[in-house]
Amino acid sequence: MPPEPEQKAISDVLRDIDIEIIELEARKLKAAQLKQGMMQQLLTGKIRLT
C-alpha cells in the first residue's frame with residue numbers, strides 16, 4: 001500500500017473526477033432536455049427553420 005499522504009492525494013484526485021463527472025452528466029441532461037424541447041417546437045410547427 002502507498003504511504004498515507006499518497007493515498008490522500010489519490011483520494012483527492014478521484015473525488016475531483018467524481019465531481020466533474022456529475023457536473024458533465026448534469027450538462028448532458030440539460031442539453032438533452034433543450035434538444036427535446038426544440039424538436040417538440042419544430043415538430044408542432046411553432047418554430048420554422050429558414
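**A tour along helix α1**

Select Asp-12: its relative accessible area is 22%, so it counts as partly exposed (buried is under 20%, exposed over 50%, partly exposed in between, with a 1.4 Å probe and protein chains only). This is a predicted model, in which local features need pLDDT of at least 70, side-chain atom pairs count only at pLDDT 80 or more, and totals for chains, interfaces and linings use all residues. Residues are numbered from 1 along each chain as its sequence is written, and side-chain values use heavy atoms, with hydrogens and water left out.

Lys-8 is exposed, at 52% relative accessible area.

Arg-15 and Asp-12 are three residues apart in helix α1, so about one helical turn separates them. Shared partners join Lys-8, Asp-12 and Arg-15 into one network. The structure holds two salt bridges.

Then select Ile-10, Val-13, Leu-14, Ile-17 and Ile-21. Together they form a nonpolar surface patch with about 410 Å² of accessible area (Shrake-Rupley method, 1.4 Å probe, only the protein chains shown counting as cover). Patch members have over 30% relative accessible area and no salt bridge; like charges are joined within 9 Å, nonpolar side chains (Val, Leu, Ile, Met, Phe, Trp, Tyr) within 5 Å.

Finish on Ile-21. It belongs to helix α1, residues 4–44. Ile-21 is partly exposed, at 39% relative accessibility.

How values were computed:
A salt bridge is a side-chain nitrogen of Lys or Arg within 4 Å of a carboxyl oxygen of Asp or Glu. Helices (H or I, at least four residues) and strands (E, at least two) are DSSP runs, numbered from the N terminus.
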